[in-house]
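Dear colleague,

Please find below the structure I promised to hand over. My notes on it follow directly after.

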Amino acid sequence: MHWLLTFLLLALLHSVQALSSSGTRLLVVADDPVEKEKYSVLCSDLESRGYRLTFESPKNDKLSLFQHGERAFDHILLLPTKSKGLGPSLTPNLLLQFINNDGNILLTLSSESPVPSTISSLLLELDIHLPPDRTSLVVDHFNYDVISAEEKHDVLVLPKPSSLRSDVRNYFGGSGVIAFPKAVGQELGSSSPLLTPILRAPETAYSYNPKEEAETVEDPFAVGGQIALVSSMQARSSARFTVLGSVEALQDAWFDRAVQVPAGKAVKTSNRAFAKHLTAWTFMETGVLKVGKVEHHLTTISESKSSNDSVAQLGSLNPKIYRIKNDVTFNIELSEYSLDHLSPFTVPPSDKLQLEFTMLSPFHRLDLQPILTTLNTTIFSTTFRLPDQHGIFAFRVNYKRPFLTNVDVKREVTVRHFAHDEWPRSWMISAGWVWIAGIWVTVIGWVAFVALWLWSEPAYERSQGKKRQ
């Protein structure tokens with residue numbers, strides 16, 4: 001009994017220290033152990049948030065992403081390497097398999113290090129395209145740091161990312177500017193709905209190969225908003241893959257460094273805060289939705305009120321069978337994991353969380369309204385009447401938005417037709433009153449006719465003739 005209590009206590013302590021919702025084992029892949037010194041602040045921040053960092057070289061033959069068929073690590077941070085490949089343990093197929101097994105990857109690039117063929121092949125599988133020359137960088141002659149890049153203009157100074165859309169939550173924004181030295185631009189394909197840009201280049205930026213000594217760039221790889229400096233891919237399993245075009249933005253030298261744009265004032269960079277937001281999202285510390293209780297039940301609705309207080313439960317929770325035209329209430333409990341705790345999930349004002357009551361296609365698509373908020377959850381609910389169609393139906397909540405883990409909840413139920421003793425009586429249907437009246441008119445008319453026939457016997461006259469013998 002003592003060892004059981006000890007085991008439970010250690011498990012509880014481990015869960016309290018673990019900030020990421022998917023684990024704390026982080027593999028950092030770097031060519032040289034000296035590289036660790038350039039990212040000491042980043043590593044210290046990750047360790048203070050509960051991560052257990054393991055540094056490995058891509059050339060290590062003993063490195064393995066899987067052990068006994070399971071992931072050996074929960075997350076991977078890939079730093080740029082000078083080799084053309086990443087070794088047999090980090091092939092594109094193994095990295096894709098790692099993502100398919102719910103692993104998260106943060107890939108960093110730099111124009112100072114040519115992109116390995118392994119990385120190029122991996123990104124092509126995800127419909128992310130890099131410049132073909134492998135050494136291109138992004139420059140901007142209007143948004144650069146005049147202190148460190150007065151001539152080359154290859155240190156971009158940009159504000160933090162803004163919201164992608166009004167219905168999408170921004171996990172990377174805030175005040176301040178970010179420095180992006182020697183950035184590699186990416187171009188996202190339009191065929192994949194899983195790709196989302198986190199930060200795009202300004203309209204005045206372009207990507208070119210600095211080895212070409214031409215005075216003008218005639219055919220750049222991409223220009224303006226076509227260039228994604230930071231991009232993301234969230235798989236259908238909600239595993240996350242992020243590409244950061246400038247690994248130098250994570251180095252200690254660019255944390256809280258003074259930068260100045262042309263005709264501007266010198267300000268401190270917010271690279272450290274941006275690095276925290278980026279790693280927190282990639283490693284499942286933010287934007288993670290948790291589904292709690294999912295309930296549905298029969299309901300009676302008071303006609304005198306229209307609020308949720310007029311809804312009363314009938315019968316048991318989550319029955320397997322309903323009848324057509326039943327009034328039903330559906331409830332779902334949602335929480336959002338935020339850094340180290342669960343908080344109530346709030347739908348953006350311009351967005352809707354919807355319930356589909358579907359067979360082959362939705363018969364109902366209804367907005368779910370928040371009816372109760374607790375310390376760490378929000379309960380969404382709606383009440384509706386089942387359609388006049390029997391069969392196998394499903395309650396489905398399919399909520400998929402950029403930067404949020406996917407929610408796809410389905411509960412199947414059977415909807416039967418009316419039983420023989422559940423049909424309304426004929427006298428309760430106003431359209432049948434004519435036929436009922438006709439029946440009774442016929443019956444009464446027949447009885448009256450019979451009575452008249454019986455009580456109206458004709459009189460017979462006696463014969464006056466003589467009696468004959």
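Leaving aside its neighbours within four places in sequence, with which residues is phenylalanine 180 in contact? In this predicted model, the partners of phenylalanine 180 are Asp154, Val155, Leu156, Leu158, Leu199, Val230, Leu244, Ser246 and Phe274.

Phe180 also belongs to the largest nonpolar core, which holds 66 residues. Together with Leu229, Val230, Ile332 and Phe395, Phe180 touches the most other members of that core. Another core, of 34 residues, lies apart from it and includes Leu63, Leu90, Met233 and Phe241.

I then turned to the sheet. Seven strands make up an open sheet with mixed pairing, in the order E2-E1-E5-E6-E15-E14-E12. The edges are taken by strand E2 (52–56) and strand E12 (195–200); each has a single partner strand, so one side of each is left without a neighbour in the sheet. On average, and with direction ignored, neighbouring strands of this sheet are turned by 15° against each other.

The pairing of E2 with strand E1 (residues 25–29) is parallel and runs over five bridges. Here valine 28 stands opposite phenylalanine 55 in E2.

Two helices that pack on the sheet may also be of interest to you. Helix H3 (residues 40–48) touches E1, E2 and strand E5 (75–78), and its direction makes about 140° with that of E2. Helix H5 (residues 117–125) touches E5, strand E6 (104–108) and strand E15 (240–244), and the direction of H5 makes about 125° with that of E15.

With kind regards

Technical notes: Residues are numbered from 1 along each chain as its sequence is written. This is a predicted model: local features need pLDDT of at least 70, side-chain atom pairs count only at pLDDT 80 or more; totals for chains, interfaces and linings use all residues. Side-chain values use heavy atoms; hydrogens and water are left out. A nonpolar core is a set of buried Ala, Val, Leu, Ile, Met, Phe, Trp, Tyr and Cys residues joined through side-chain atoms within 4.5 Å. Buried means under 20% relative accessible area, exposed over 50%, partly exposed in between (1.4 Å probe, protein chains only). Contact means heavy atoms within 4.5 Å. Two strands pair if DSSP finds at least two bridges between them. Helices (H or I, at least four residues) and strands (E, at least two) are DSSP runs, numbered from the N terminus. Axes are lines fitted to C-alpha atoms, for helices over the stretch in contact, and angles run from 0 to 180 degrees between N-to-C directions.
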